Every structure is written in structure tokens, then in C-alpha cells.
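Please look through the protein below.

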Amino acid sequence: MPLIEPLEYRDSRRIHDFVIAVDTSGSVAGEQVQRFIRKTYNILKEHDSFASSVNIHIIQCAADIQSDTVISSADDIDRYLQ
């Protein structure tokens, strides 16, 4: 019986990176942002079109980019939100 493996160069349509831009100019409160980030992470974990490991880039910006934090696990989310 021949062994058939999937092609290594196969086009995977799963999302590996996701970006959330947070306006730090004062138009949103910290608690709203925390709930949004936590819910977004939970949706990404459960949805089939996302890869098993997803990198979430949280970019804080107003007139310019202040930080780009990469979240790749639930522990990272907890640390970031605190």
C-alpha cells in the first residue's frame, strides 16, 4: 500500500496572523478593550478557518504606532490584559 502525504507546498487557507488596532487617543476605555481582546481571542481559537496557533498583533496607536504586542497563547492574553 503506497504512502501518500499532502504536498508541502499546498496552499493553506488558514489564518496565522490577526491584527487588532487599538485607538489610544482616549476614545475607548480600558475595560472595553480588554473584553474585546478576550472575546476575539476565544473566537479565533474556536473557528475552523484559523490555524491551530494564531499570532494576534495588538497595535496601540493614536497619531503614530506606540506598540505592537504579539499574543500567541491564553497566558500571553492574561499577562497583556493585566
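**Briefing: helices, strands and charged pairs**

R79 counts as exposed, at 58% relative accessibility. Exposed means over 50% relative accessible area, buried means under 20%, and partly exposed lies in between (1.4 Å probe, protein chains only). This is a predicted model: local features need pLDDT of at least 70, side-chain atom pairs count only at pLDDT 80 or more, and totals for chains, interfaces and linings use all residues. Residues are numbered from 1 along each chain as its sequence is written, and side-chain values use heavy atoms, with hydrogens and water left out.

**Confidence**

- pLDDT is the predictor's confidence in each residue, from 0 to 100.
- The protein chain has a mean pLDDT of 78, and 78% of its residues reach 70 or more.
- Strand β3 (residues 65–71) has the highest confidence, at 89, while strand β2 (residues 50–61) has the lowest, at a mean of 78.
- Helices (H or I, at least four residues) and strands (E, at least two) are DSSP runs, numbered from the N terminus.
- Where pLDDT is low, the predicted coordinates should not be read in detail.

**The two sides of helix α2**

- Which residues of α2 are buried? They are D76, I77 and L81.
- These residues cover an arc of only 125° around the axis, which puts them on the same side of α2. The arc is that of the directions from the helix axis to the C-beta atoms.
- D75 and R79 are exposed on the other side of α2.
- The cover over the buried residues of α2 includes α1 and β3. Contact here means heavy atoms within 4.5 Å.

**Salt bridges**

- How many salt bridges does the structure hold? There are three.
- A salt bridge is a side-chain nitrogen of Lys or Arg within 4 Å of a carboxyl oxygen of Asp or Glu.
- Side chains of opposite charge can pair when their charged atoms come close.
- D76 and R79 form one of the bridges, at 2.4 Å from N to O. They are three residues apart in helix α2, so about one helical turn separates them. D76 counts as buried, at 17% relative accessibility, whereas R79 counts as exposed.
- E31 and R35 form another, at 3.0 Å from N to O. They sit four residues apart in helix α1 (residues 30–46), again about one helical turn. E31 is exposed, with a relative accessible area of 55%, and R35 is partly exposed at 43%.
- An α-helix has 3.6 residues a turn, so residues three or four places apart point the same way.
- D78 pairs with R38, and their closest N and O atoms are 3.2 Å apart. D78 lies in helix α2 and R38 in helix α1, so this pair ties together parts that are 40 residues apart in sequence. D78 is partly exposed, with a relative accessible area of 35%, and R38 is partly exposed at 36%.

**Valine in strand β3**

- V70 lies in strand β3. V70 counts as partly exposed, at 41% relative accessibility.
- What does V70 touch, not counting residues up to four places away in sequence? V70 touches N55, I56, H57 and D76.
- V70 and I59 are eleven residues apart along the chain, and 8.8 Å separates their C-alpha atoms.

**After helix α2**

- Q82 is found in the segment after α2 (74–81). Q82 is exposed, with a relative accessible area of 83%.
- Q82 and Q34 are 48 residues apart in sequence, yet 9.2 Å apart in space, C-alpha to C-alpha.
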